[in-house]
Amino acid sequence: MKAFTQVSGIVAPLDRSNVDTDAIIPKQYLKSIKRSGFGVTLFDDWRYLDPGEPGQDHAKRRVNPEFVLNQPNYQSANILLARENFGCGSSREHAVWALDDFGFRAVIAPSFADIFFNNSFKSGLLPIALSAEVVDTLFKRCAEDAQYSLTIDLAAQTVSDTQGWTQQFDIDPFRKHCLLNGLDDIGLTLQHSDAIKAYEAQRAKTAPWLFA
Amino acid sequence: MSGKTLYDKIWEQHVVRSEEDGTALLYIDRHLVHEVTSPQAFEGLTLANRQPWRTSSMVAVVDHNVPTTDRSAGIADPVSRLQVETLDKNADSFKLQYFNINDVRQGIVHVIGPEQGATLPGMTVVCGDSHTATHGAFGALAFGIGTSEVEHVMATQCLLQKKMKNMLVRVDGELGVGVTAKDVVLAIIGKIGTAGGTGYTIEFGGSAIQSLSMEGRMTVCNMAIEGGARAGLVAVDQTTIDYVKDRPMAPKGEQWDAAVAAWRELTSDDDAVFDKVVVLDAAEIEPQVTWGTSPEMVTGVNSAVPAPADFDDAVKQNACSNALKYMGIEAKAPMTSIQIDKVFIGSCTNSRIEDLREAASVIKGRRVANNVKLALVVPGSGLVKKQAEQEGLDKLFIDAGFEWREPGCSMCLAMNADRLEPGERCASTSNRNFEGRQGAGGRTHLVSPAMASAAALAGHFVDVRSF
């Protein structure tokens with residue numbers, strides 16, 4: 001997994017609540033058997049005016065000029081700002097892969113859906129939950145300044161801008177440790193193989209039908 | 001010290017070890033696999049030169065991409081075909097229990113798991129699919145995971161998890177005639193909101209839940225995720241045990257007796273404390289219809305479409321006006337005035353035998369309305385289809401003008417050829433009314449099977465209780 005230490009960049013404001021994973025990456029692209037190449041169809045139904053299918057040349061599609069990510073200043077944004085319950089719906093990790101492939105390293109919202117939140121850490125995408133009031137303030141600053149940028153420092157657990165505004169955020173210590181070091185979850189778990197085997201041996205005695 | 005909730009009990013039985021911050025290594029008993037979220041996990045395993053920890057825990061099936069029409073010609077879409085063939089290959093090379101496209105036991109993963117007895121009370125059940133919550137109906141801790149976690153379970157039989165908080169949703173009293181499990185869960189989501197269960201595992205209880213069949217309980221737990229909770233649970237009782245008995249993968253003989261004894265403990269203690277309790281009165285629940293683009297945007301069939309001004313905060317007002325625009329409906333219009341173009345009866349929420357019986361019972365010799373271009377009935381599995389045909393339900397549907405199809409996820413998410421065209425409006429028994437869910441530009445209204453069937457016959461939403 002990609003490590004996350006410090007990220008600075010332009011914030012793209014997506015002023016919607018309950019942004020679901022069908023909106024982040026529509027179903028037709030889930031037919032891919034790869035992990036890459038989803039960035040070009042991130043937010044497909046909002047980003048393009050014509051319907052898209054896997055395998056087509058998306059550069060030739062009609063772009064929706066109204067959509068935030070199509071505005072020139074947000075082409076290089078690497079922090080996404082949204083309203084509550086971001087990433088609700090399906091468990092598709094393709095949603096995280098699409099955000100990552102587009103270039104986002106972090107999403108800031110008042111709250112996240114649980115599965116999306118978990119999935120994010122697996123690709124080194126940092127979901128940061130800040131209060132609805134703080135998120136509202138950030139939307140206002142984005143509206144005032146199209147180049148509004150933030151710096152996220154994971155070690156210090158801070159989000160700050162260039163005018164001296166700083167906000168702390170929470171993260172589980174274990175997730176933070178894995179993300180800072182870009183640790184491979186599976187490798188970590190396999191260090192506990194003996195504990196897993198011991199658990200299985202014990203469980204097979206009390207609930208043998210689970211191992212039939 | 002207070003007692004334990006059902007969730008506490010199952011959780012504790014599965015903790016292998018814990019990190020200092022409480023992150024637990026949780027043992028997974030059953031891993032259900034489908035073609036969409038598994039290929040990258042199998043590939044990751046192979047690239048890292050790792051072997052699956054315990055293949056006997058895995059059950060694989062194709063469901064999302066499969067055509068629901070004649071299958072003898074194969075899958076026309078080459079991208080879908082490759083994904084299905086990839087699972088064929090992986091199932092073969094890792095020697096998994098697998099129900100391929102031609103197996104009569106093939107069907108939607110959340111229908112076939114319980115049907116085969118692969119889902120048992122007290123298990124931890126995962127699948128790369130958010131509707132894994134369905135299996136919680138059996139008193140199993142079941143939740144959806146992403147592809148990286150699919151690979152993690154394959155490689156280690158475990159997941160790194162933080163324990164959720166406990167929520168009890170109690171539905172007291174008796175449901176009215178014509179009010180179903182689907183109406184109950186839509187009413188619950190309407191009350192708690194689509195993020196109301198975020199961070200919680202929800203136990204559904206109360207007399208109205210206890211009186212539901214296993215099919216009904218699966219419908220309720222299935223949509224726990226639409227209320228934000230990864231997992232929903234219903235306590236084990238005789239209904240649960242009767243359903244599981246004699247299923248192909250259920251324990252037999254002495255092991256059955258031992259299992260039943262253990263399963264009877266799978267209820268929350270009387271003095272268990274929940275972090276949050278929500279209570280609904282069953283008698284107040286009427287048939288539900290969603291009007292917007294989130295499952296929380298739901299109302300009774302005899303109500304009107306809300307207006308943005310009906311909501312108190314700016315974010316919700318904005319969401320309401322976006323939804324009305326997308327759905328192409330006017331604020332204050334009666335729900336029963338909304339005309340539909342298509343009907344979908346199916347999905348992991350509502351495609352079991354009881355759902356099909358419920359939908360068929362509404363027909364009473366009537367025909368699908370002229371303005372309805374397509375009314376699809378897609379059974380949840382080959383075995384559900386077979387049973388429905390033995391009961392003559394297929395004939396009732398076909399004679400009324402419905403199409404009777406092969407099993408799969410179909411138009412719930414439109415990964416196969418079954419979909420809405422831009423602007424089309426659908427009465428659907430599925431679980432998500434998100435923008436574009438059933439096809440780009442499509443408009444989805446979630447309802448029960450009885451309500452979908454009635455809408456098909458009337459051409460618009462009607463109260464099934466007076467239809």
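Buried area is the accessible area, taken with a 1.4 Å probe, that two parts lose on being put together, summed over both. In this predicted model, chain A and chain B bury about 5500 Å² between them, with 56% of that area on carbon and sulfur atoms. Three residues, A:Lys31, A:Ile33 and A:Trp209, supply 14% of the area that chain A buries against chain B, more than any other three residues.

Counted by contact, 55 residues of chain A meet 80 residues of chain B. The rule finds 29 residue pairs in polar contact across this interface, both residues being at pLDDT 80 or more, and it also finds nine salt bridges there. In one salt bridge, the side chain of A:Lys34 meets that of B:Glu43 at 3.5 Å, N to O. Among the elements that give two or more residues to the side of chain A that touches chain B are α2 (44–47), α3 (94–102) and α8 (193–206) of chain A, and α8(A) provides the largest share, seven residues. By class, this side of chain A has 19 nonpolar, 14 polar and 22 charged residues.

The largest cavity contains about 210 Å³, and among its 24 lining residues B:His64, B:Asp129, B:His131, B:Leu413 and B:Arg437 lie nearest its centre. The second largest cavity contains about 180 Å³; of its 14 lining residues, the closest to its centre are A:Phe121, A:Lys122, A:Phe174, A:Arg175 and A:Asp185. Its lining takes at least two residues from each of α4 and α6 of chain A and β8 (158–161) of chain B, with the largest share, four residues, coming from α6(A).

Note on methods
Residues numbered from 1 in each chain as written. Chains lettered and ligands numbered in written order. Predicted model: local features only at pLDDT ≥ 70, side-chain atom pairs only at ≥ 80, totals over all residues. Heavy atoms only, no water. Contact = heavy atoms within 4.5 Å. Salt bridge = Lys/Arg side-chain N within 4 Å of Asp/Glu carboxyl O. Polar contact = N/O pair within 3.5 Å; in protein donor to acceptor, adjacent residues only side chain to side chain. Nonpolar A, V, L, I, M, F, W, Y, C, P; charged D, E, K, R; others polar. 1 Å grid on protein atoms, 1.4 Å probe; cavity = no way out; pocket = protein on both sides within 12 Å on 5 of 7 lines; lining within 4 Å. Points joined across faces, edges and corners; volume = space filled by probe spheres on them.
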